[in-house]
Amino acid sequence: AVAGAARLAGVRPLQRRPHGRRRLDRQGHQDRVDVELANALYDEAIDRLSAFRENGGDDTGRRYGDEAEQEAKNDAPPTAKKSPANRADDLTAVFLSNRARCKLLLRPPDAHGAVEDAERSVAMRADWHVPYDRAAKAHAMLGNWKRAVDFCRGGERAASAARAVAA
């Protein structure tokens, strides 16, 4: 019953592995370093996109995040052709949502930071369900059950609207 409840909450139950304790400690440390590095990269990308928007969408010959743009195309639902500033807003929303995920993966999790990032992402892209899910998980970690349920319902509405548009 506990494993089922944990699975519904999106929490992985602890599993025994055949590896020795020493290896798990090193692996856990490596995972933390990877998550912290990803968090730092998202910080830098969000700062660059903010500067891009402040310049009115003029990148002055510099290309910001071709790889990031491809990631956003893979993660985000298809949209109509947009101006560079609007595309920067979409990329910022994707990066904020992904940074919220990184903050949830930290040990201990930074749930407050994840809530801030996910809610900013929702404000920028209310039509995308992923930040709703991440905000709901962060609120659940903080014990804010009503807010978690509200974000779950918002994510369901966004996902169903996206399916209706795609159909």
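Asn39 is buried in this predicted model, because its relative accessible area is 13%, and under 20% counts as buried. You'll find Asn39 in helix α2, which covers residues 21–54. Beyond its neighbours within four places in sequence, Asn39 is in contact with Arg99, Cys102 and Lys103. Two of the names there, Arg99 and Lys103, also turn up in α4 where that helix meets α5. From there, let's go through the helix pairs.

**α4 with α5**

- Helix α4 takes in residues 84–105 and helix α5 residues 111–124.
- Their axes come within 8 Å and cross at roughly 160 degrees.
- Angles over 145 degrees count as roughly antiparallel, so α4 and α5 are roughly antiparallel to each other.
- The crossing of these two, α4 and α5, is left-handed.
- On the α4 side, the residues that meet α5 are Asp89, Thr92, Ala93, Leu96, Ser97, Arg99, Ala100, Lys103 and Leu104.
- On the α5 side, they meet Ala111, Gly113, Ala114, Asp117, Ala118, Arg120, Ser121 and Met124.
- Sort the residues of this α4 and α5 contact by type and you get eight nonpolar, four polar and five charged.

**α5 with α6**

- Next up, α5 packs with α6 at an angle of about 150 degrees, and their axes are 8 Å apart.
- That angle makes α5 roughly antiparallel to α6.
- Here, too, you're looking at a left-handed crossing, this time of α5 and α6.
- From α5, the contact uses Ala111, His112, Ala114, Val115, Ala118, Glu119, Ser121 and Val122.
- From α6, it uses Pro131, Tyr132, Arg134, Ala135, Ala138, His139, Met141 and Leu142.
- By type, the residues in the contact of α5 with α6 split into 11 nonpolar, three polar and two charged.

**α6 with α7**

- Helix α6 runs over residues 130–142, and helix α7 over residues 145–166.
- The two pack at an angle of about 165 degrees, with axes 8 Å apart.
- With that angle, α6 is roughly antiparallel to α7.
- As for handedness, α6 passes α7 in a left-handed crossing.
- Tyr132, Ala135, Ala136, His139 and Ala140 are the α6 residues that meet α7.
- Their partners in α7 are Trp145, Arg147, Ala148, Phe151, Cys152, Gly154, Gly155 and Ala158.

Terms used: Residues are numbered from 1 along each chain as its sequence is written. This is a predicted model: local features need pLDDT of at least 70, side-chain atom pairs count only at pLDDT 80 or more; totals for chains, interfaces and linings use all residues. Side-chain values use heavy atoms; hydrogens and water are left out. Axes are lines fitted to C-alpha atoms, for helices over the stretch in contact, and angles run from 0 to 180 degrees between N-to-C directions. Helices (H or I, at least four residues) and strands (E, at least two) are DSSP runs, numbered from the N terminus. Angles under 35 degrees count as roughly parallel, over 145 as roughly antiparallel, 65 to 115 as roughly perpendicular and the rest as oblique. A crossing is left-handed if the near helix is turned anticlockwise from the far one by less than a right angle, and right-handed if clockwise. Contact means heavy atoms within 4.5 Å. Ala, Val, Leu, Ile, Met, Phe, Trp, Tyr, Cys and Pro count as nonpolar, Asp, Glu, Lys and Arg as charged, and the others, Gly among them, as polar. Buried means under 20% relative accessible area, exposed over 50%, partly exposed in between (1.4 Å probe, protein chains only).
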